[in-house]
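Please read the following report alongside the sequence and the model.

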Amino acid sequence: MRSWSEVPMQPDEPVLATMEKATVDLLRLAFIEIRYLTEDRHEDQSPAAAAVRRKRANAIADICHNLPGLLAPGGRDRLADGLRYLWGTANAAKRRWLLHNWDYLAYDHRWLTAT
């Protein structure tokens, strides 16, 4: 018998375990990129370059700030809806970041991005 995390919640969704793994991996990539953007060892230390890096780090944090709650035991049943909301409210730059990272992770996001 399959567990509840191995059965899609809706016909077009991947199984929950797949969404969870992709979300955890997305957060891991976000943490790495934010850490890189905020370190002090960049060649260009001008205020303008630092502001660009800070803006990008803030955008990534904005993309991901609700994801940990969706991975909590009480939030997992809302993960698909949370990802739909994230995609539906993301601007073009945030969508590019999501697509780039989901593609890097080889996550099949078509159930979410095809509409």
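## Basis of the model

This is a predicted model, in which local features need pLDDT of at least 70 and side-chain atom pairs count only at pLDDT 80 or more, while totals for chains, interfaces and linings use all residues. Residues are numbered from 1 along each chain as its sequence is written, and side-chain values use heavy atoms, with hydrogens and water left out.

## Overall fold

The protein chain has six helices and zero strands, where helices (H or I, at least four residues) and strands (E, at least two) are DSSP runs numbered from the N terminus. Of its 115 residues, 37% are buried, a term that means under 20% relative accessible area with a 1.4 Å probe, protein chains only.

## Helices α4 and α5

The axes of α4 (residues 79–89) and α5 come within 9 Å and cross at roughly 130 degrees, the axes being lines fitted to C-alpha atoms over the stretch in contact, with angles from 0 to 180 degrees between N-to-C directions. The pair is therefore oblique, since angles under 35 degrees count as roughly parallel, over 145 as roughly antiparallel, 65 to 115 as roughly perpendicular and the rest as oblique. Leu83, Leu86, Trp87 and Gly88 in α4 meet Arg95, Leu98, Leu99 and Trp102 in α5, where contact means heavy atoms within 4.5 Å.

## Histidine 109

Histidine 109 sits in the loop between α5 (92–104) and α6 (110–113) and is buried, at a relative accessible area of 12%. Leaving aside residues up to four places away in sequence, histidine 109 touches Leu99, Trp102 and Asp103.

Note on methods:
Buried means under 20% relative accessible area, exposed over 50%, partly exposed in between (1.4 Å probe, protein chains only).
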